[in-house]
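Visitor: Before we start, please show me the model. I will then ask what stands behind the terms.

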Amino acid sequence: MFVICSTARVRAKYGASGEKVLKAIGRLGQVVDVSGQSPEGIQAQIAGLQVGPACLIGGYDLIPPFMRANPTFGESHDDDKDVPTDAPYGATPGKPVEEYAPSRAVSRIPDDATPDAAGFLALLAHQVAAPTIITPKGSFEEAADEFAGAAGMVHGSMPGAVGKPKLSPPGKVSDAGLTALLSGKGRFHILLHGANFDPDWDSLWGRGTAANAKFIRALSAQLIDLSDMRGAVVSFSSCYSAMLDAAPALEGARTAKNQVALACLSHGAKVVFGATRSNWIGMDGDFNSFGPALMALVWTQLGKGKPAAEALRLAKAAYLKVALSQSASEHDYALKTVLQAQCYGHPEATL
Amino acid sequence: MATLNNSDILKIAREAVPEHIRALGQVVTSSEPSAPAVALAGVGPKKRAGAAARNTLIADLAKHVGAKLPKATADVTAVEFPEQTALGLRTTVVHVKNGKVERVFKRG
């Protein structure tokens, strides 16, 4: 595994703790220093490495994402103009198709969860151990009522899933027993609604099927903050679940206090899969389409023993093989689905 | 099969969505000769060039992943049900093809 790190930016960001942080990063694998490189330069450097997964170290201030035009911008009122994506880091320069179906597995270990070196060092300690930590038994699945079909479809692909997805329950930090439902579980799939504006982006939202049903705060970063997610594998089909950029932020950057993927990682999750922008969700038939279809395929690959980042890479190719064979009217939606799907955490973590 | 007009298509699409948004439906693309094809409105040379590049990408990507692109068939008509919610517009989309609902989807 190659650890892609701008050592200069790490030193500049963490000051006196910089060397300590770099030493912890070095425990993950072979460090490839990309200091001073543009995303295109980093992409070229990664492409020249031997076969193996690449793990980007840090948030967007340390390793910027590629920004790509949203293939469905303006379609059906999709207002996501751009899609931040790490996928091109797994592509051969000059081969656009590999940005959608990459040739190399890529993940990112963001350092945004806490604003200090101590927090990042704690997260790195979890991540160094991630490939050897056994995934706890049990599962937790939660969806908005209107997405029950898609959540059930993913449920069927999740090895070791127990029970059924919870549908649109209200979830307040003060609710007794709610953190116990999350804590100690090893498999998560969440298909709630998501927001891309603060302060509502700190939560994921349930919603019933009744006329004019209100959104219900169902799962929040604060709730995850109270939970023990050590060793868990987490997938989100929710909108904006892996969004790390903050504009137009009113209350500062994304951290574990207001971003669900970061909250999961900082509480011990081995790996988190999610989308940087809004996901399309199938509402009829076999529900096996768009974001949930991709996550179902990720679970299928994890069930075969594939490491996390490789599972996402294979799932993208498998999803596109089916989606591009279907109606041409859905092709742009398929492109967005794979472009925005990210893997956060140790690329070699397994189920 | 007789060609369906927008009114027929809208009726089919409405059956596929929850009752409370049925009145919001609007046909946004259509193969109906007399109907304005909103998705193509204003397409100039630059946009056509963009569409050509996109079609090339799709063809290359299909080859890359081993997908067999579908043959050109009857147009799909998209009907949208835009619902303003507390989280912004969450439009339910219904694709109708050959008089049948092909897909219903929305953003999460």
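Guide: Two strands pair if DSSP finds at least two bridges between them, and strands (E, at least two residues) and helices (H or I, at least four) are DSSP runs numbered from the N terminus. This is a predicted model, in which local features need pLDDT of at least 70 and side-chain atom pairs count only at pLDDT 80 or more, while totals for chains, interfaces and linings use all residues. Residues are numbered from 1 along each chain as its sequence is written, and chains are lettered from A in the order in which they are written.

Visitor: What makes strand β1 (residues 2-5) of chain A and β3(A) a pair?

Guide: They share 3 bridges in the parallel sense, and the definition asks for at least two. A:Phe2 has A:Ala54 as its bridge partner in β3(A). β3(A) is also joined to β6(A), in parallel, by 4 bridges, with A:Cys55 opposite A:Ser107.

Visitor: Which way do the residues of strand β3 (residues 54-57) of chain A point?

Guide: A:Ala54 and A:Leu56 point one way, A:Cys55 and A:Ile57 the other. In a regular strand the side chains alternate between the two faces of the sheet. All four of these residues are buried, so each has 20 or more other C-beta atoms within 10 Å of its own, these atoms being placed from the backbone (12 or fewer would be exposed, in between partly exposed).

Visitor: What makes the largest nonpolar core a core?

Guide: A nonpolar core is a set of buried Ala, Val, Leu, Ile, Met, Phe, Trp, Tyr and Cys residues joined through C-beta atoms within 7 Å. The largest has 131 residues, and A:Ile57 and A:Leu320 are among those with the most contacts inside it. This core draws at least three residues from each of domain 1 (2-129) and domain 2 (136-345) of chain A, bounds that come from an automatic or database domain assignment.

Visitor: How do you know that chain B is in contact with chain A?

Guide: Two residues are in contact if their C-beta atoms, placed from the backbone, lie within 7 Å. By that rule 36 residues of chain B are in contact with 42 residues of chain A. On the chain B side, α2 (45-65), β2 (77-81), β5 (92-97) and β6 (100-107) each give two or more residues. A:Leu320 touches B:Leu61, B:Val65 and B:Ala67, among others.

Visitor: What joins strand β15 (residues 280-282) of chain A to β6(B)?

Guide: 3 bridges join them, and the strands run antiparallel. A:Ile281 has B:Lys106 as its bridge partner.

Technical notes
Lists of a residue's contacts leave out its neighbours within four places in sequence.
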